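Trainee: I have a new structure to read. Please walk me through it, feature by feature.

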Amino acid sequence: MPDPSPPIRRRHRGTIIAILAAAALLYLVSPYYSVWRFGEALRAHDMNALSDRVDFNAVRGSLKQQIRDHFLGVLKKKKKDRLAQFLAANAADPLDQLIDAYITPEGLAAIISDPAPIKNASSISALPGIEGAQAREIDWSKFRHAFFTSPRDFAVDHEGIKLRFRFNGVGWKLHDVDLQLPPTG
């Protein structure tokens with residue numbers, strides 16, 4: 001009499017492989033879906049939905065660091081270390097207030113739809129405020145590349161900036177807006 005256990009094992013093995021393949025496919029597709037949901041939240045100016053899709057503290061810190069590195073690097077080249085040290089150490093930095101204004105649905109939409117005002121600023125004082133910025137409708141068809149940079153990180157190129165999303169175990173959240181600031185000075 002033949003042993004019935006081998007066909008059952010093969011069937012379980014096939015089920016396990018199918019489940020693993022489905023989970024891998026779901027994981028590979030999930031950041032694209034998250035980017036779409038992020039765009040919908042921005043379009044609707046839905047702060048609750050956006051807060052589920054953005055790590056505001058990480059984005060705020062990233063923008064501050066990029067702008068400080070960019071402009072303070074220029075100041076150091078010009079031998080103005082005292083001003084650079086003052087701005088770096090000042091807790092009530094005007095840059096904090098400016099960046100905080102951009103960390104809103106309207107501010108993120110303005111940066112993503114048109115990063116040129118920030119990228120073309122020649123100094124910290126020349127950085128535009130959000131109050132006068134008119135966010136254009138974001139043309140999602142202009143996203144050029146979307147790719148994994150690591151198993152937990154996903155990047156999207158859009159008109160000279162990179163939106164970096166990170167998987168936090170539950171879903172993907174925007175954690176970095178890389179302006180790719182050109183060197184000045």
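**Reading the model**

Mentor: Start with valine 29, which is partly exposed at a relative accessible area of 44%. The bands are these: buried is under 20% relative accessible area, exposed is over 50%, and partly exposed is in between (1.4 Å probe, protein chains only). This is a predicted model, where local features need pLDDT of at least 70, side-chain atom pairs count only at pLDDT 80 or more, and totals for chains, interfaces and linings use all residues. Residues are numbered from 1 along each chain as its sequence is written, and side-chain values use heavy atoms, with hydrogens and water left out.

Trainee: Where is valine 29 found?

Mentor: Valine 29 is in helix 1, residues 5-44. Helices (H or I, at least four residues) and strands (E, at least two) are DSSP runs, numbered from the N terminus. The protein chain has 7 helices and 4 strands. Their order from the N terminus is α-α-α-α-α-α-α-β-β-β-β.

Trainee: How much of the protein chain is buried?

Mentor: Of its 185 residues, 37% count as buried.

Trainee: What lines the largest pocket?

Mentor: First, the idea. On a 1 Å grid over the protein atoms alone, a pocket is an open set of points where a 1.4 Å probe fits, with protein on both sides within 12 Å along at least five of seven lines; lining residues have an atom within 4 Å of a point. Here the lining includes Tyr27, Arg37, Asp52, Phe167 and Trp172. Helix 1 gives the most to that lining, with 6 residues.

Trainee: How many salt bridges are there?

Mentor: A salt bridge is a side-chain nitrogen of Lys or Arg within 4 Å of a carboxyl oxygen of Asp or Glu. By this rule the count is 5. Aspartate 100 pairs with lysine 64, with the closest N and O atoms 3.9 Å apart. Aspartate 100 lies in helix 5 (residues 94-102) and lysine 64 in helix 3 (residues 56-77), so the pair ties together parts 36 residues apart in sequence. Lysine 64 is buried at 15% relative accessibility, while aspartate 100 is partly exposed at 34%. Arg60 joins Lys64 and Asp100 in a network of salt bridges.

Trainee: Which parts does the salt bridge of aspartate 153 and arginine 166 tie together?

Mentor: The side chains of aspartate 153 and arginine 166 meet at 2.7 Å, N to O. Aspartate 153 lies in strand 2 (residues 153-158) and arginine 166 in strand 3 (residues 161-167), so the pair ties together parts 13 residues apart in sequence.
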